[in-house]
Every structure is written in structure tokens, then in C-alpha cells.
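Have the structure open while you read.

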Amino acid sequence: MKHIVYVAVLAAILAGCADKPTKDAVIEDRGLRTQSAASGAGGVDTQGVGTPAIDSRVISGGGASATENRAAGTSPIAGTDTKQSSVLETRPLAEASTEVKPLTDAQAASGASAGADGAAADASGQGTISLNLKDPKSPLAKRVIHFDYDSAAIRDEYRELLEAHSQYLIQNTRAKAILQGHADERGSREYNIALGQRRAESVANALNLLGVPELQVEAVSMGEEKPLVEGQDEAAWQQNRRAEIYYPGE
Amino acid sequence: MNMRIRFALLFGLFLIALPAKALMTIEIIGGATNKIPVAILPFTLSQDTLLNPGDVITNDLGRSGYFRMLDPRGAVSPTDPQGLPLKEWKDKGADAVVMGQIVGAANGRVEVRFWLYDVVRQIQLAGLSYTTTPAGVRAVSHKISDLVHEKLLGEPGPYSGRIAYILKRGSRYDLQVADADSQNAVTVAASTEPIISPAWSPDGSKLAYVSFEDKKPVVYVQNLMDGKRTAVAKFRGSISEPAWSPDGKQLAVTLSRDETSQIYLLDLDTLAVKRFTRGGALDTEPVFSPDGRWLYFTSNRGGSPQIYRASLQTGEASRVTFDGGYNVSPALSPDGKTMAFVHRRDGRFLIAAMDLENRQTQVLTDTVYDESPSFAPNGRLILYATLVNGRGVLATVSVDGRVRQRLSQSGDLREPSWGR
């Protein structure tokens, strides 16, 4: 129940941002002109760092007669010649050129404006069940599926949610759903990507079994990077083990 | 498997909070039982504006846990090594003394000279001169620290490498590169979406990493010299966990292209991918052995996540970890003899090291949320991320578990990787 409220609140917040064009780039590229195509179209600023050029040679000492390694088994350092091509350049740090917008993750795409596909679904009419992505009363408004610990099995309670989304996708052959899998924060970030991926795939497979063509769904993972709830207890972890459905360009 | 938690009590005694600074705060926990007393004399400088290598070397050696730094008490390096009073330093309790100078060189460059003396035996252990730019003095100072460490301890020092890590502040993620002492930090990529898994190319010129800017994990390779980067592959699903082959020509990556997360080898020239693991289990976190013969990785094919290794020739895999229900994130030492990994015990995630010859394992840490181990280029230290009071910090532990450091900053530090 808690997460449904959360989704609704998020949707409401995002509705306010709906007029802004959704760009891939979240960060702007000001003041980075010297960096020839450093960041391309993505939302990331990049910049170069080099290693200073260093020449070295052995020099003799004065005070003592012999040169010797104190520790056994070390070999003499033969001219630590670490010539490297570039000299470190100081460039303005990316900080100056970054604009941070409070765009959130999965629901970001799903909040506000419905596309043509959504309207089509609405027109097709499904008795009393609304298949309009915009309609908060539609079962399509439910986008989150939670999982048990270390599990990617879909619990029975999500049958209605999955059936609604499968019907929508079957009726709107141009619609595409992205399934984002998430893990709780415990353990390796890297392994948690695989766990989240498994959960997303589990939802994708369920939709495929309900008749949705494979090319209409893509399963991806956000690992542990996008928790719904902050916190280091079972209540938070439970909320964060999930998969979310969103429709790009919605 | 003979696992032990050691030194837990010893380290508890040293947890002293240092004042918060904007810069990285470094805390040393534990240390060698017999520290070598060393005096580092301030270098004489041709220009006052130059960084004094004596300060950098003092910090490097002092933080290592292997040396006891003697206060030079106003003494500075003589202009001629002949004038160094070796006997006097011996009487003050030093085993070794470092002195040096910076003199001007052609084209605005500078020459950094240093000498290392064993004052007990009254002999010179090293004398070197480096020519560099004024901005290169810091890098030279770390090289001198490495050499002093090697001459006095018989193994290379860890001071001149670079570390990459993620700094998260609010909703902003910075991929930063810094000197091994965490100074000189530079943001090389920044995003409002997560960045994870930085991995250094073997020559230290590039970083591969995972960015979520496309609302899914995608692997990028970025050239550190010019900041240019490319997405290495465009596929449906997630693309994550980059690991470099020792020759720098291939990346091992995890793709969910064909079925669930599986490991693929990607040729960096042609960008062609070849599937490496098969089967319905999760296979991820690949890492090459330094000799290029094995790929170590995490898999849950046996029911729980464990580390396996597979021959790069035949693809045949065998299990490496058996103790406990969660062993992940393998990292290999540069000599290929030791594997660091994350081991779960009693709900805590700890850094452990396995001797790959006899398969003996030792748990090295006593914290709760340890992640992302990686070896220093000298193979003697392991860098990892952990949580202290809910905040992400970086930490190092020596492979024998005796010496630990923590690096913290305002914001969360995570996903460290140590490069050349």
C-alpha cells in the first residue's frame, strides 16, 4: 500500500515537470569546449588528466663510500625512467559546468503525459477496466512488483497488475515497456546488478507468457542504485527488492 | 577452510575521530610492531612556491604504518650531502635519513635530487635525480617514497599509483581520479545518474566504468588523457562489470543479451563480443588472472553466489570458494598468487584474502558493509569501500591484516579501484 501512495505522489510531482522536454543529457556541457567531444550525447561530463613527464637518472652521493640495498634481495633501481607523453593540464573542474536536476529514476518516464498509444488503448474499451496509462484508477497505474529475499519469483498478488499491462501491450503493438529490476543494498553492487536483472527478466517472461511479443519488453537492472526507501533494515530492504514497469516516451 | 578474525581488539583502540575537513581525512589504524625510525629533512628549494617533497614523503611513509617519523626539529637538507651529520642522526635514534633539493633546470623545468642514507651503517642506499615540471614535483615525491620504502623494507612502495573512485554528494555522482594518498583529486566524469565499477586499463591510461545515464547499466571506456569516451557495446538489456585483459586488448563484460547475466569477451579493436559462460545461472564480476590464463568470476550456479575460475583456453570452470553462503567480488594481486574477495559471515560483509596456492583464507576486516576490493600495484595493500556511521568511506588493509587506513570526505565514497 505504501508504495502505491509513493508512486502516486511521484507521479503528481512529475506531472508538474511534464512541460520540460525530456532530454537524455541531465548535465550541461558548458565551459568544456577544449575537450573535443568529451561527452557526446550522454548525461556525463568527462575530462582528461595526465601524468607529469618525469626524467630521472642516478646521481652519486657524497658522504658515504658505497651504495647498497639494505634489505636483502632487492635489485638496484635502474633509472626510474617514467617518461610520459603528456604534461598534466589544469582545466576547470566539471563542477563549474554542471547543472543538477532532480530527475528521478523509474517513474520519471511514467508520470504525466500519455502518448498516442495510451489514447488508443482507452478508445478500444475494456468493459469497466480502464487501460489508460494516465488514469490513476487503472490497474496500469500500478508499476511496482516486490520480491522476497534472494528471489525472483513473482507472487500471486501481482496477477492482476501483470494481466493489465500485458493487455495494454498486446493492444498497443507500438508500445514498449522497460522492466527495471532492483536489489536491496546488501552485498556487492556488481552482483546486485545481476540479481536485479533476474527480477526484471522474471517480469518480462511473465508478460511474454501472457502473450506480449518479446521485442515489446526490455529487461534491465538498476542493481541497488535506486532504492525506493533509504534505510538499513528489513522494512527498507523489502521495499527496495522490486521490479518497475515504465513506458518510455509516455 | 581456516578463517580467522584477527586484530579486532587492537584496531578498536585506535578509532579516533579526526576533525572534518573539506579535503580527504586519513586515519591510520594499527601498524607494524617494529616501525623503522626515519628522518625526512625538508628539501632545499630553488623557488619558495614549490611543493616541498619532504612533506609529501613524510606523509606517505608516516601513513603506511611501517615507519616512525622523527621530527627534523628545524634541521634542513644541507646543500651538499657531505655536510649531512650522519652520526648526529644516529644518536637521535634514526635508522635512515632522507635529504634532497630542488634546483632550476632548462625550459622552466626543475631537477629534484634526493639521497637516502642508512645512518646505522653509515652508507648511502640511494641517490637519484628527476627532471620534471614544477607541477610534477608531487608525482616525483611519491616515486621517492616508493624507492625509500623499497630500499628499507625490501618490497616496492604503494605510493605512486593512482586511485579511481565514486564520490556521491546529494544526487550527483563524480568519478574521480586521485594520487594514492588521495591528494590531487580530479573529476573525470560526473552525472546525476549512478556511476559504478571503475576499472583501470593495465597501462593506467584509460578507465572502463558503468554509467546509468541511459536508465540502464552501460559500459564506457574513457581515455584519461583527452577525456574522450565510448560506449563499448549497444545491446538490449544490461551491460556491466568491465574487466581488462592483461594486454589491454579485451574487456570481459556481463551482458543480459541472450539470457540472464552471462560473461562475454569483447575485443576492443573490433568491438566484437564472444560469449564466454553458459547456463541459466547468474555469472558476473569477471576478472582476468595477471597471466591471462584464467577468468575468475562470481556465479550462483551452485545455489549461492560463489567465486569460480574458468580456463580462458577451454572455458572449463571450477569452484574456488566454499566457506559460507556468499563469496563475491574477486580481485587478484599483481603476481596472481592472492585473491581478495567479499565474504559474508553472520550477516556482515567482510574483506578476505585467499592464498591461491594452498587455498587458505584469512578474513582481514571487522566492519559490516565492505565492498569492492582491489590491490595496490605493489600487491601488499587492498583498497576497499565500507560504511562508517552510514557514510561511505574508502579503506586500505595490508594483505597480512596488520595495517589499516581510512579515507573519508564529505559525501559518500565508494567503488574504489587502484591503478598504476
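B:Asp174 sits opposite B:Ala190 in strand 9 of chain B. This is a predicted model, where local features need pLDDT of at least 70, side-chain atom pairs count only at pLDDT 80 or more, and totals for chains, interfaces and linings use all residues. Residues are numbered from 1 along each chain as its sequence is written, chains are lettered from A and ligands numbered from 1 in the order in which they are written, and side-chain values use heavy atoms, with hydrogens and water left out.

Strands (E, at least two residues) and helices (H or I, at least four) are DSSP runs, numbered from the N terminus. Two strands pair if DSSP finds at least two bridges between them. Here is what strand 9 of chain B does:

Strand 9 (residues 186–191) of chain B is mostly covered, with six of its six residues buried (under 20% relative accessible area, 1.4 Å probe, protein chains only).

Zooming out, the open sheet has five strands in the order 1(A)-9(B)-8(B)-7(B)-30(B), with antiparallel pairing. Strand 1 of chain A and strand 30 (412–419) of chain B are at the edges, each with a single partner strand, so one side of each has no neighbour in the sheet.

Now the helix. The buried residues of helix 3 of chain A include A:Leu161, A:His165 and A:Tyr168.

Conventions
Buried < 20%, exposed > 50% of the residue type's maximum accessible area, 1.4 Å probe, protein only.
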